[in-house]
Amino acid sequence: MLMRVNEGYLPIGRFARLCRLSVKQLRNYDDLGLLVPAHVDPDTGYRYYRPGQSRDALVIGLLRSLDVPLPAIGRVLTAGTGALGGVRDAMEADLARRRRNLAALERILADGLPRPDVSLVREPARRVAAVRDVAPPDGIGAVTSACVARLMDACAAAGVVRAPIGLFPLDLTSEVLVTVGVETDTAVPGTAPDVLRGGLFASATHVGPYDQIGLTAHALLAWAGDRGHTPAGPLREVYVSDPASTPPERLVTHLMIEVKESE
């Protein structure tokens, strides 16, 4: 194997030092198919790299330092600058979200929690076409967006145009069931028919980014608790605005929580 090293191969330790990565990282990138060694010794399993592979190694290191997900890194390595534009857009959107949430924190610390107008409304039962998925508590937003996209594509193909409705359990666990539906009596391929039951609901309107809906949901639950109303169902979010054409600060979402009626 010394001959192969002299032919231009670098052992994994030297290559790691050259690229300012750890041997463990290189092994992980190999396992993921992101950076495959130029040669693997069939007897020892030892990995060897060519110096020219340092470009991809450094690109991976830079992208990881920016918290870019590994699947996106794979697309950048395959497609080059074309895929980098998508990474840049995602990072700028995340930066904008962080700035909005920082501004919200400053308002909360200065002025207290928001107090939207809350009212009791009576809702009829509604037939919906629905899609479902599960999400970790910190991934609800991403899974909801994916469900909405799937549902809207299916509804567009079926000629159904209505505002989507998200349903979320009030008590979060390690896996959260996310349901998104559209009111319709029409069978929509790729969705499951369901019925949202009617009843008495506490209702409030959230105006602002989706990632701050939790503030309005808190106010809604606090309002119900202060008045002795017991929540009896999941949180409903009716997405009135089209996020593709509406600035985040102007997005309108109606929130509703079913409450038990007095005997």
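This is a predicted model: local features need pLDDT of at least 70, side-chain atom pairs count only at pLDDT 80 or more; totals for chains, interfaces and linings use all residues.
View 1. A polar atom of the threonine 246 side chain lies 2.9 Å from the backbone oxygen of aspartate 242. When the neighbours within four places in sequence are left aside, threonine 246 is in contact with Ser241 and Leu251.

**View 2. The open sheet of eight strands, with antiparallel pairing.** Read across the sheet, the order of the strands is β4-β9-β11-β10-β6-β7-β5-β8. The edge strands are β4 (118-123) and β8, each of which pairs on one side only. On average, and with direction ignored, neighbouring strands of this sheet are turned by 35° against each other. As background to this view, strands of a sheet pair through backbone hydrogen bonds, and the pairing can be either parallel or antiparallel.

**View 3. Strand β5 with its partners β8 and β7.** Strand β5 (residues 126-135) is joined to strand β8 (residues 192-196) by five bridges, and the two strands run antiparallel.

**View 4. Strands β6 and β7, paired in the antiparallel sense, with helix α7 lying across them.** Three bridges connect strand β6 (residues 165-168) with β7, and glycine 166 stands opposite valine 180 in β7. Helix α7 (residues 140-158) lies across β5, β6, β7 and β10, and the helix runs at about 30° to β7.

**View 5. Helix α8 and the strands that it lies across.** Helix α8 (residues 213-226) lies across β4, β9 (199-207), β10 and β11, running at about 30° to β11. The helix has 14 residues and reaches 20 Å from its first C-alpha to its last, which is close to the 20 Å expected at 1.5 Å a residue. Its buried residues are Ile213, Thr216, Ala217, Ala219, Leu220, Trp223 and Ala224. Seen down the axis of α8, these buried residues fall within an arc of 160°, and they therefore line one face of the helix. The buried residues of α8 pack against β4, β9, β10 and β11. After α8 comes glycine 228, whose phi is positive, near 75°.

Technical notes. Residues are numbered from 1 along each chain as its sequence is written. Side-chain values use heavy atoms; hydrogens and water are left out. A polar contact is a pair of N or O atoms within 3.5 Å; within protein, one must be able to donate a hydrogen and the other to accept it, and residues adjacent in sequence count only if both atoms are side-chain atoms. Contact means heavy atoms within 4.5 Å. Two strands pair if DSSP finds at least two bridges between them. Helices (H or I, at least four residues) and strands (E, at least two) are DSSP runs, numbered from the N terminus. Axes are lines fitted to C-alpha atoms, for helices over the stretch in contact, and angles run from 0 to 180 degrees between N-to-C directions. The expected span of a helix is 1.5 Å times one less than its number of residues. Buried means under 20% relative accessible area, exposed over 50%, partly exposed in between (1.4 Å probe, protein chains only). The arc is that of the directions from the helix axis to the C-beta atoms.
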